[in-house]
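Please look over the two chains below before reading on. The paragraphs that follow take up confidence, then each chain, then the side on which they meet.

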Amino acid sequence: MSSFPTAMPPTRPEVATGDSPDRPGWARLATSPDHKVISLILISAAFGSVFLAALELVLVRLQLAVPENVFLSAVTFDRLLSVYGATAIFLFVLPLCIGLLYYVTPLQIGSRGTALPRLGQTGMWLFILGGFLLYSSFLFTPPEAGINPFPPLSQHIFTSNNGVDVWIASTGLVTLGILLLAIDLLVTVRNMRAPGMAWRRAPIFVWSAAIVSWQIVIIAPIFLAALTMLMIDRQLDGGFFTGGVGGAPLLWQHLSYIFFTGVYMAVAVTTLGAISEIVQTITRRELPGRSAVIGSLVAIAVIGTLAWTQNMLTTPIPSGFKYYAMLMSIALIVPFGLIFYNLISAVSNSDFHMRAPLRFAMGALSLASIGLAVEVSQSTIAVGSQLQQTYDAWAATHFTLIGFGLFGGFAAISYWYPKMTGRMLDEDRSRISFWVMLGGTLIALVPLFGAGVEGQVTDSYRFFADENVGLFNLIATVGTFILFVGIVLAIGNLVRSRSEGAASPPDPWRGSSLEWLALSPPEPHNFDVLPDVRSTQPMRDIRESLVRREAGREAPAGERQPVA
Amino acid sequence: MLSRPGKILTLISTLASATIAIAAFASPALALSLNPDAASPGIEKINTLHWILFIVIGIAIVGVNLAILRAAKPRHRHIQSDGKGGGRQLQVGLGLGAVALALFVTATVFSSQAREVPTGSSEVAGLNAEDQLEIRVTGQQWLWRYDYPNASFTYHRLVVPVDTTVALDLVSADVIHGWNVPSLTGKAQAVPGKTSRIYFRADREGVFSGRAFVLSGQGYDSMESEVKVVSPAEYEDFVQQLKAEIQAAQDSVVATQQEELRAAAEETPGGKVEPQP
């Protein structure tokens, strides 16, 4: 480590932020257009939200612990469920994915900032506003029309209180904010890559950033349009989603499911990109099937989003839509299978020390493999239309989202934690929280497959003793408690390691992409010197050239000379 | 570095947790069939497809997770040469593609036979299109109304004859409701402004029920779809009697109204109130 170039001369000095050290810390935090500050706020908000989401899930599961429970009333249950869904999707997975991409990608492409920093900052504040708005609704009436509030139920005649209006406004603000961040990210990765970094040399995570931001640029306006229509229906007596008078209730399902399915796939693409980076670094080798992995990520984003009608198998839409959704969903076996094969065989064929990032990454792959495989049976028309809206579907979705979102998120955070904070994450506490979370997830979700096959429907605030699902639900409630404890332990570890962790060198994992060239944590302008990228592993090139320089050997003519 | 007992302990705990995980996944599902009391021709096909998928998916999940456990197990390995491995990628991709194609063909065949597309035609699955019984099913918060062909109706419970093709026209009076009788029809949404037609033919008598599955407001938890299958003779008696009862009830209501109007007309000094039609 001693050979690391910490004091290179600023050959290309640049003022990235216009930040002044005189201002108080909170003012700098609130006004900084630095992508690292913005991302850290997003990521912190995401981990705060996952705590709230887990708390709400525990309350929901407590109500469902025994048949005909009277712990919560029907309306309280509906409100908790609606807020839980909005928190998990809009306040946890979306900002976590965008936050990670927005932090790491500019560093990986060797950029000194983002292309449109004020746009990203606006997006972050819109997101924060949306989150506060959702939770401020607990002061009057929280939304109660379900995780996805289908009109006509969510229209004014059937839900006349302001809950749904809050849901529309807060998810709309969050979606708009995420859209602005995605636009900034897309412009950045397209225009600000270091000299020499052609797309064929860009890290897999940068490909994830490009794919996810393209995806959000396409799906977020669709969802915003749907929200606007619902708002007009509610406030101005519009008829977009009113059945029978020229409106179409099913239009909402189409538009919202395009968005939700797209988000689901965006989470998968982000975390699989992060896991690929982790596997490459910890096994010290480039993935042999790098191009297959990148192609598969593109395929997942495209094919997965196109499969939105797999959520609508029970609706009266033309059967062609349903066969098409089934074809798309089953076709997803190929890209997901290729990525899983690449990652697992790369780990299998190498020698490594098991560290927190790889442990969480393996946990993510394991849980997501269960969820994705069961999703295949959900998407076949015959079986899927029987299992939709049961706890079988709920468990499959949660396996995938907890696998990719929570475990994948913790994998990525553990991997980039030294870069973000300059401290190492405590390995022992991380291992304990991993096993508690893994055990909790399995105990909480596996019994629900049984409950779903028995026919227990979701969203209902109680079930009855004659449904024969009491034991499944009781075990699931216990598991949810364990999962909650695990999440608290893992978040506690993130908070404590920030002050207690050992100081981290700039490149603790000996990574091969450019974020490890910057200091830990990076300077506001990221890099003093910009490298010249000659391969997919610029940091390895820099290390090799440093070794050569120390040995006093001149590089042979025509060889890699990465540092410009 | 772990000591030797530490390694053995890690190995044992890994294997034990894997076994528990696999057993926990497999046992509830193995003990269950999707619709153990299937009573309509298509539902058997759904059960069969569910078993096929369950086995394929079970093998996939166990295989992937064993591979993950093996990969993550701490040990020293012989590291392979840093080849590009493009050929392996292609082979794996082709293999997965073949699996996906096979699954798609299987699922398509079973889906079309299982009449699980609610808007599908009645010609599928050998259903007799000529003498089918058409019943209008209206969802409202939070019960179902059934209109029989002879203009009689019931709430809560649908009564149909055995061995007869029944066509249900699902409509909704307010919000979206989920029609769900797993043993006979599977799930279908009743959407306002749209009619979803689903078919079934019960092959034995009995009472079949299921819960509504689309959140429809605060009474959603108690909304049930219930079908009572009886013999054709009993069905005829039932609808005739129902019609007679409804007629009698309507007659008595009309009679009472006219009685009240007459009384009101007599009480009103010099007034003259026409009975409402």
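A residue is called buried if 20 or more other C-beta atoms lie within 10 Å of its own, exposed if 12 or fewer, and partly exposed in between, with the C-beta atoms placed from the backbone. By that rule, 32% of the 277 residues of chain B count as buried. The structure is a predicted model, in which local features need pLDDT of at least 70 and side-chain atom pairs count only at pLDDT 80 or more, while totals for chains, interfaces and linings use all residues. Residues are numbered from 1 along each chain as its sequence is written, and chains are lettered from A and ligands numbered from 1 in the order in which they are written.

Confidence comes first. The predictor gives the complex an ipTM of 0.87 and a pTM of 0.89. Residue by residue, its confidence is expressed as pLDDT, on a scale from 0 to 100. Chain A averages a pLDDT of 90, with 94% of its residues scoring at least 70; within this chain, confidence is lowest in helix H1 (residues 25-31), at a mean of 83, and highest in helix H6 (residues 204-235), at 96. Over residues 8-17 of chain A, however, the pLDDT is below 50, and this stretch has 17 contacts in the model beyond near neighbours in sequence, a contact being two residues whose C-beta atoms, placed from the backbone, lie within 7 Å. For chain B the mean pLDDT is 79, and 74% of the residues reach 70 or more; over its residues 116-126 the pLDDT is below 50, with 36 contacts beyond near neighbours in sequence. Where pLDDT is low, the predicted coordinates should not be read in detail.

Chain B contains 4 helices and 10 strands, where helices (H or I, at least four residues) and strands (E, at least two) are DSSP runs numbered from the N terminus. From the N terminus on, its elements run α-α-α-β-β-β-β-β-β-β-β-β-β-α. Among contacts in chain B between residues at least 6 apart in sequence, 68% join residues at least 24 apart.

In chain A, helix H2 (residues 35-63) and helix H4 (residues 117-136) pack at an angle of about 20 degrees with their axes 10 Å apart, the axes being lines fitted to C-alpha atoms over the stretch in contact and the angles running from 0 to 180 degrees between N-to-C directions. H2(A) and H4(A) are therefore roughly parallel to each other, a description kept for angles under 35 degrees, whereas those over 145 count as roughly antiparallel, 65 to 115 as roughly perpendicular and the rest as oblique. Their contact involves, among others, Ile38(A) and Leu42(A) of H2(A) and Met124(A) and Phe127(A) of H4(A). The axes of H11(A) and H14(A) come within 10 Å and cross at roughly 10 degrees, so this pair, too, is roughly parallel.

Gly163(A) lies in helix H5 (residues 163-191) of chain A and counts as buried because it has 23 C-beta neighbours inside 10 Å. Leaving aside neighbours within four places in sequence, Gly163(A) is in contact with Ser137(A), Thr141(A), Pro142(A), Pro143(A) and Glu144(A).

Where the chains meet, 70 residues of chain A are in contact with 74 residues of chain B. Helices of chain A that each supply at least two residues of the touching side include H3 (74-108), H7 (249-282) and H14 (427-454). That side divides into 42 nonpolar, 22 polar and 6 charged residues, where Ala, Val, Leu, Ile, Met, Phe, Trp, Tyr, Cys and Pro count as nonpolar, Asp, Glu, Lys and Arg as charged, and the others, Gly among them, as polar.

Technical notes
pLDDT = per-residue confidence, 0-100.
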